[in-house]
Amino acid sequence: MDRNSLLQLAETYGSPLYVYDTDVISSQYKKITKAFSKVKNVKINYAAKALSNLNILKVFNKLNSGLDTVSIQEVKLGLLAGFEPKDIIYTPNGVSLQEIEDVAKLGVQINIDNLSILELFGQKHPNIPVCIRINPHVMAGGNSKISVGHIDSKFGISIHQVPHIKRVVENTNMHINGIHMHTGSDILDIDTFLRATEILFDTAKQFKNIDFIDFGSGFKVPYKTDDISTNIEELGKKLSKRFNEFCKEYGKDLTLMFEPGKFLVSQSGRFLAKVNVIKQTTSTVFAGIDSGLNHLIRPMFYNSYHQIKNLSNPKGRERYYSIVGYICETDTFGSNRRINEISEGDILCFHNAGAYCFSMASNYNSRYRPAEVMMHEGKDYLIRKRETFEDIIRHQELVI
Ligand SMILES: Cc1ncc(COP(=O)(O)O)c(C=O)c1O
């Protein structure tokens, strides 16, 4: 995705625009499977929530990936994209028993993270095997919104409640076929992660007939030049060795599972937006673009960093800008960024726009969500049309 082809895409499809390169997706997928190649049974379940366009899901299906889902709608998207139910895992949080039962009817692997639901589900459906999401109480993850394995987190069943889980299993005669954790996103410290995996091994030992252990995800990707990321090769080496030892102790070749989102799609995406206005105030030069937190909320929500480049003037003198949106809130994409001189009408390019970008987009301020384009095998495809005013009013009922 070089500068000229991105500019051409902005010209052809308009702005703002999301663009995804499927070569990057397959190379990331291959990187993670290679890191765990010493384990006999490995299953990577792409976390659909990161980017759920049907075409992207199809790319993962072709790569032989499974799918990690959190809602019945994501499950249905996965089935529509061609995934077999057995290749989909459903890990909801705080949903109704009804939704879990509806997903179970579709034949998908259920992962339960709540004792009361486990008991109800076990009483009604003792013959449907379920996985349990354990909260290992390990503080991992880049910031508080994406650290989900700690003691105050709403996710998972506490490691201290394993005796209670076992009582529910005994009383209902249900079958636990997997143990799962997801400690958080943007994990840098492999040793912290490995500590949590030991807790999971200890838990797994207490269930007699499991088929898999799912270690969740949380691998960090680089956002800035020279940024550090999770060393997947080192994690692969260390965890594979430990996993193989555990399988021997357990007496069964279990499947090792992961469910990465960001690692697989973050770097595949670019977000292109046009500069509407340059505004010089007493303290700052703002570049206001034809987008806002309605299209890319991560900088405001997570304080996340996205590199921003001026595609239209790559050789221009570098100056300092604050890049802001058009929403009636403070929606700053980046403050005090050194960028090649920007003029009104220029196209800016945001990096790391594959994961949790379009999938978190909204119609706030009654704006249209952007179009999406996929670069695949040398060609560009429009995979989602830009919305129109019809989309804004589609479900509204005029009653007075
Ligand atoms: C249960 C679960 N699995 C996997 C993921 C994917 O995490 P990441 O995008 O950091 O790989 C998430 C992210 O929120 C999650 O909640």
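Residues are numbered from 1 along each chain as its sequence is written. Because the model is predicted, local features need pLDDT of at least 70 and side-chain atom pairs count only at pLDDT 80 or more, while totals for chains, interfaces and linings use all residues.

**View 1. Cys-328, annotated as an active site.** The "active site" label comes from an unreviewed UniProt entry; such annotations may be inferred rather than shown by experiment. Look for Cys-328 in the loop that joins strand S14 (318-324) to strand S15 (332-340); strands are DSSP runs of E with at least two residues, and helices are runs of H or I with at least four, numbered from the N terminus. Cys-328 counts as exposed because it has 9 C-beta neighbours inside 10 Å (exposed means 12 or fewer, buried 20 or more, partly exposed in between, with C-beta atoms placed from the backbone).

**View 2. Gln-307 and its contacts.** Gln-307 sits in the loop between helix H11 (298-302) and strand S13 (308-310). With 17 other C-beta atoms within 10 Å, Gln-307 is partly exposed. Leaving aside residues up to four places away in sequence, Gln-307 touches Tyr-223, Lys-224 and His-351 (contact means C-beta atoms, placed from the backbone, within 7 Å). Gly-334 is 27 residues from Gln-307 in sequence, with 8.5 Å between their C-alpha atoms.

**View 3. Helices H6 and H7.** The axes of H6 (residues 115-124) and H7 (residues 162-172) come within 9 Å and cross at roughly 10°. The two helices are therefore roughly parallel (angles under 35 degrees, on a scale from 0 to 180 degrees between N-to-C directions, with axes fitted to C-alpha atoms over the stretch in contact). Residues making the contact include Leu-118 of H6 and Val-168 of H7.

Technical notes:
Two residues are in contact if their C-beta atoms, placed from the backbone, lie within 7 Å. Angles under 35 degrees count as roughly parallel, over 145 as roughly antiparallel, 65 to 115 as roughly perpendicular and the rest as oblique.
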